[in-house]
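The structure is shown first.

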Amino acid sequence: MNFSEVFKQSNQLCKVSPDGKHLATCVQYKLVVRDVSTLQILHLYTCLDQISQMEWSSDSQFILCAMYKRGLVQVWSLEQPDWHCKIDEGSIGLVASRWSPDGRHILNTTEFHLRITVWSLCTKAVSYIKNPKACLKGIDFSRDGCYMALAERRDCKDYVCLFVCDDWHLLRHFETETQDLAGLEWSPNGCVLAVWDSCLEYKVLLYSLDGRLLSTYSAYEWSLGVKCVTWSPSSQFLAIGSYDENVRILNHITWKKIAQFEHPATINNTNIAVYKEVEKKSAVGIGTEELSLHNLTMDSTLLTSQSKYEIHAPPVQVPVVRPDPDRANPKIGVSILAFSSDSRYLATKNDNMGSVIWVWDMQKMSLEAVLEQTSAVRCFQWDPRRSRLAICTGNTKVYLWTPAGCVSVQVPNDGAFQVQSLTWHCHGDPLILLGKDQLCLCYTSTEDK
């Protein structure tokens, strides 16, 4: 594996263009666009304030920069660097900004979710959508870019609005059977819309494009319910992570549960590969004879932590942290679900086992591997082209899992670069590593590339 030099970035704002040719990063109020292959700076834009959000248009021609504190959005063009657009929401404020799928409209959500303003870059026309609901995932576009689903709250009831993205006319408007709608998400094939209730009531609803309720799923009552929901890329499975530390898999034909994945504290199955990260301290830049208790105490930078994975035979005890029942949002339950690009594997994280990643085989509907890290997992993401999972834990290493095994790789930057999050290039290589205020690219050599 090879690593690029380190570049500056702010607020984890670093994104590859959809065509895979450019890398955009934000440094305070500046937007830097680089060539992905050479990392040479192609464009440098200066915004009016510190950038809060940055996003590429779908055709990679424009970049949106939102400055929430000032209620401003600036748009920059790669083809015409002298052209730019400024949108000022004024006193009504701004809390979210994003592109429409066609890359020619911008959707701005005002403070207190009073409305969503749709701005056209082509005609300068403005449309307004009232009463958007303030929830974690209240808006979603179908994969083909034809439809937008929007959660709406009106008269103490939840509704879903389906819009046609071509001209933003309302296609369907229907009330949902939820107490407090928490999120919605289109299936990748655009045929089904999943809607789920808040954690106080376990309910997942599945609607067709014409607003018909196809199915309702509830696993239990009178306890904290759904924590996260995600579709498989094939649209065959809907995975539901719950506060009871289980993942339930619904099939796309009957919408019934076909599997339930538990996260036990003790792993007894001998067919499961359990990888434990083991660290050891080693001295950097000095000989063994120079080491003493004095200089180890005075200069901890002399030591770097190397790590490797060891395979442990079951039974294996998984580290569990008991949540405080008196605090809100307890650290318990499955909070992250991620399918591999071919839908073959599902990776999960259970919050009260924060240092452990669970990998499930969706063909066998069984646990494939368990990865136990020395620190809590910050982020993990699948390679968009292969069954390869990248993991980071906020230290100086990046971890990779494949069905063949897993490896720990040290980021060569004298221990100063700590990986807080990561993201794959849309073509699978390189892997972009993000620190607190830096980034670097990790190039993986693959034989089948």
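Which strand gives the largest share of the lining of the second largest pocket? Strand E23 does, with 5 residues. The model is predicted: local features need pLDDT of at least 70 and side-chain atom pairs count only at pLDDT 80 or more, while totals for chains, interfaces and linings use all residues. Residues are numbered from 1 along each chain as its sequence is written, and side-chain values use heavy atoms, with hydrogens and water left out.

A pocket is an open set of points on a 1 Å grid over the protein atoms alone, where a 1.4 Å probe fits, with protein on both sides within 12 Å along at least five of seven lines; lining residues have an atom within 4 Å of a point.

| Largest | About 1400 Å³ | Arg98, Lys137, Asp140, Arg143, Glu185 |

The lining of the largest pocket has 14 nonpolar, 12 polar and 7 charged residues. Among the strands (DSSP runs of E, at least two residues) that give two or more residues to this lining are E3, E7 and E31. In the second largest pocket, E19, E20 and E23 each supply at least two lining residues.

E3 also belongs to an open antiparallel sheet of 4 strands, ordered E3-E4-E5-E6. Strands E3 and E6 each have a single partner strand, so one side of each has no neighbour in the sheet. E5 and E6 pair (at least two DSSP bridges are required) over 5 bridges, and Val32 stands opposite Leu44 in E6.

Notes: Points joined across faces, edges and corners; volume = space filled by probe spheres on them. Nonpolar A, V, L, I, M, F, W, Y, C, P; charged D, E, K, R; others polar.
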